[in-house]
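Me: I am new to this structure. Please take a close look at the aromatic pairs and the loop beside them.

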Amino acid sequence: MQDAIIQLKILGQMPDSLTDNPAEYLVGKYEELLAKIKTPLTEEEVEVLISIFPDSTMYEVEWALLHLVETYCEIELITKYRKLISKCPSEEWRDTMKTRLNNWEKKNRKHIRI
């Protein structure tokens with residue numbers, strides 16, 4: 001597992017900027033660690049990243065997290081990815097990821113074998 005992901009796991013779920021008012025240095029730490037992550041990601045790495053989504057928002061840092069997580073979505077991994085999404089602690093982000101996956105599936109339907 002990548003060191004940056006291990007450090008994110010230790011930091012835990014991102015605090016929510018609407019309710020927790022995280023310190024600037026903490027927001028910067030999440031940004032810094034997310035920027036160090038290299039793709040492709042393993043299933044274990046994606047599971048850790050999904051577990052750190054904030055309840056709602058953390059000064060837009062969660063979008064970098066989402067884009068990293070979505071790099072895991074490939075046709076042959078859809079079932080695994082859908083199971084990983086279900087582990088997201090944030091209902092808002094879980095629903096966002098499900099919607100985005102459903103839209104991706106519709107767009108790529110001709111390439112997907114069921």
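Reply: A residue counts as buried when its relative accessible area is under 20%. Tyrosine 72 has a relative accessible area of 6%, so tyrosine 72 is buried. Tyrosine 81 is at 2%, and therefore buried as well. Keep in mind that this model is predicted.

These two tyrosines form an aromatic pair. Their ring centres lie 6.4 Å apart, with 50 degrees between the planes. The pair is tilted.

The structure holds 3 aromatic pairs. Another of them joins phenylalanine 53 and tryptophan 93. This pair is stacked, at 5.4 Å centre to centre and 25 degrees between the planes. The partners come from distant parts of the chain, 40 residues apart. Phenylalanine 53 sits in the loop between helix H3 (43-51) and helix H4 (61-70). Tryptophan 93 belongs to helix H6 (residues 91-107). Both residues are buried. Together with Trp63, Phe53 and Trp93 form one aromatic cluster.

Most residues other than glycine have a negative phi. Tyrosine 59 has a positive phi of about 55 degrees. Glutamate 60 has a positive phi too, near 75 degrees. Tyrosine 59 has a relative accessible area of 43%, so it is partly exposed. Glutamate 60 has 52%, and exposed means over 50%, so glutamate 60 is exposed.

One more loop deserves a look. Proline 40 lies between helix H2 (24-36) and H3. Most peptide bonds are trans. The bond from threonine 39 to proline 40 is cis, with omega near 10 degrees.

Technical notes: Residues are numbered from 1 along each chain as its sequence is written. This is a predicted model: local features need pLDDT of at least 70, side-chain atom pairs count only at pLDDT 80 or more; totals for chains, interfaces and linings use all residues. Side-chain values use heavy atoms; hydrogens and water are left out. Rings of Phe, Tyr and Trp (its six-membered ring) pair if their centres lie within 6.5 Å; planes under 30 degrees apart count as stacked, over 60 as edge-to-face and the rest as tilted. Helices (H or I, at least four residues) and strands (E, at least two) are DSSP runs, numbered from the N terminus. Buried means under 20% relative accessible area, exposed over 50%, partly exposed in between (1.4 Å probe, protein chains only).
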